[in-house]
Amino acid sequence: MRVAVVGAGLAGLVAARALSHDHDVLVLDKGRSVGGRLATRRIGDATLDHGAQFFTVRGDALRRQVDDWLDRGLATTWCNGFSAPHDGFPRYCGTTGMNSLAKDLATGLDCRTDRLVFTCRRTENGWDVVIDDGEVIEADALVLTCPVPQSWSLLVQAELDIPEELFRRHYHRTIGLLTVLDAPSAVPEPGGLQFDATDAGQPFGFVADNAMKGVSDVPAVTFHATQPWSAEHWDDDPDTLRDLLLERAQPWIGAAGIVEAQVKKWRFAGPVMPWPEPCWVDDEHRVVLAGDLFAGPKFEGAFNSGLAAADAVTDFTAD
Ligand SMILES: Cc1cc2nc3c(=O)[nH]c(=O)nc-3n(C[C@H](O)[C@H](O)[C@H](O)COP(=O)(O)OP(=O)(O)OC[C@H]3O[C@@H](n4cnc5c(N)ncnc54)[C@H](O)[C@@H]3O)c2cc1C
């Protein structure tokens, strides 16, 4: 089958890899690079993860993938937890940043970036995937891995029976601050601080020193605001936002000077309430919705949802 995968985040790449042995798979993403929320930004000599910071492994499928990354030096163990007592699960990260793991998964796939999918139209035998520049790609099956409200908007004219409680699922927002410093930060070992991101009383949900983590050659700290703070300040003007975040970040910037500070907003940072199934499947029209809403949030959820989407597409062939 010709399978179009929309979204080159973790779920889309995992689905595409699993399907690429037996099918003609094309991955489309609106971003300049693959990875989605596995995002790493270079600012001068600094390297900062600004989406996912680390991941844990619970299941066998991700275990196999991570063992391979560890063997090849692509992933590393950052620490065993950010506060005592430790729960026994190592915190892994990409050795040169989280995005490098996505790039590894994309190797050998037909991945086309800078392709904003505008709509997906049903045809007599499958799907027309319409790119915003007017290009139309024909596919026999479709895997959509964008955050679900975005996937749903692509299917709005397709008249599928998508449950309303699925496409109305909420995602929380996260505002991030990326700072490059001229001296080491005041973040304590192991270079990561985790707070309750839903607690409005906390200054941040996560603080990550990218140099201590081993990702950046120069001091560079990522701050993720809590969910309530991000929602409240979402529409603040950029300068106000930057100043407010820098004020809150001061205890961890310490005596270092700020070389550069950038604000990054994630509109669909993570699902508020996950969907109980690992993906949503319409066998009749050969379409699957997947992503971190489905198989449990976060890195491993997206990974497992991508695998489940590939299984669902494989089942289409058996029909
Ligand atoms: C700030 C932040 C911190 C996080 N921290 C952690 C953490 O520490 N640990 C952890 O395990 N998880 C963390 N996560 C969650 C983790 O990053 C996600 O669960 C996971 O990366 C989601 O992968 P995905 O493939 O489901 O979605 P995404 O990565 O969002 O991929 C979807 C892709 O679809 C593309 N797309 C959307 N619309 C279109 C369109 N119309 N046309 C073409 N392409 C389109 C997007 O560009 C994107 O690349 C964090 C997320 C954020 C935002």
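Helices (H or I, at least four residues) and strands (E, at least two) are DSSP runs, numbered from the N terminus. Welcome to this predicted model, in which local features need pLDDT of at least 70, side-chain atom pairs count only at pLDDT 80 or more, and totals for chains, interfaces and linings use all residues. Residues are numbered from 1 along each chain as its sequence is written, and side-chain values use heavy atoms, with hydrogens and water left out.

**Around the ligand**

**Backbone atoms facing the ligand**

- A polar backbone atom of F54 is 2.6 Å from a nitrogen atom of the ligand.
- For K30, a backbone N or O atom lies 3.1 Å from a ligand nitrogen atom.
- For L10, a backbone N or O atom lies 3.1 Å from an oxygen atom of the ligand.
- Taken alone, the ligand exposes 1000 Å², and the protein buries 91% of that (accessible areas come from the Shrake-Rupley method with a 1.4 Å probe).

**Two domains**

- The chain is divided into domain 1 (2-40 + 55-169 + 273-318) and domain 2 (171-271), with bounds from an automatic or database domain assignment.
- The centres of domain 1 and domain 2, taken over C-alpha atoms, are 27 Å apart.
- In contact across the boundary (heavy atoms within 4.5 Å) are 21 residues of domain 1 and 16 residues of domain 2.
- About 1500 Å² is buried between the domains, and carbon and sulfur atoms give 69% of it; buried area is the accessible area (1.4 Å probe) that two parts lose on being put together, summed over both.
- On the domain 1 side, R37, W78 and F82 lose the most area to domain 2, together 42% of what that side buries.

**Backbone details**

- E189 and P190 are joined by a cis peptide bond, with omega about 5 degrees.
- P190 sits in the loop between β12 (171-181) and β13 (192-194).
- E159, a residue other than glycine, has a positive phi near 55 degrees, and E159 is placed in the loop between α4 and α5 (164-167).

Key. Polar contact = N/O pair within 3.5 Å; in protein donor to acceptor, adjacent residues only side chain to side chain.
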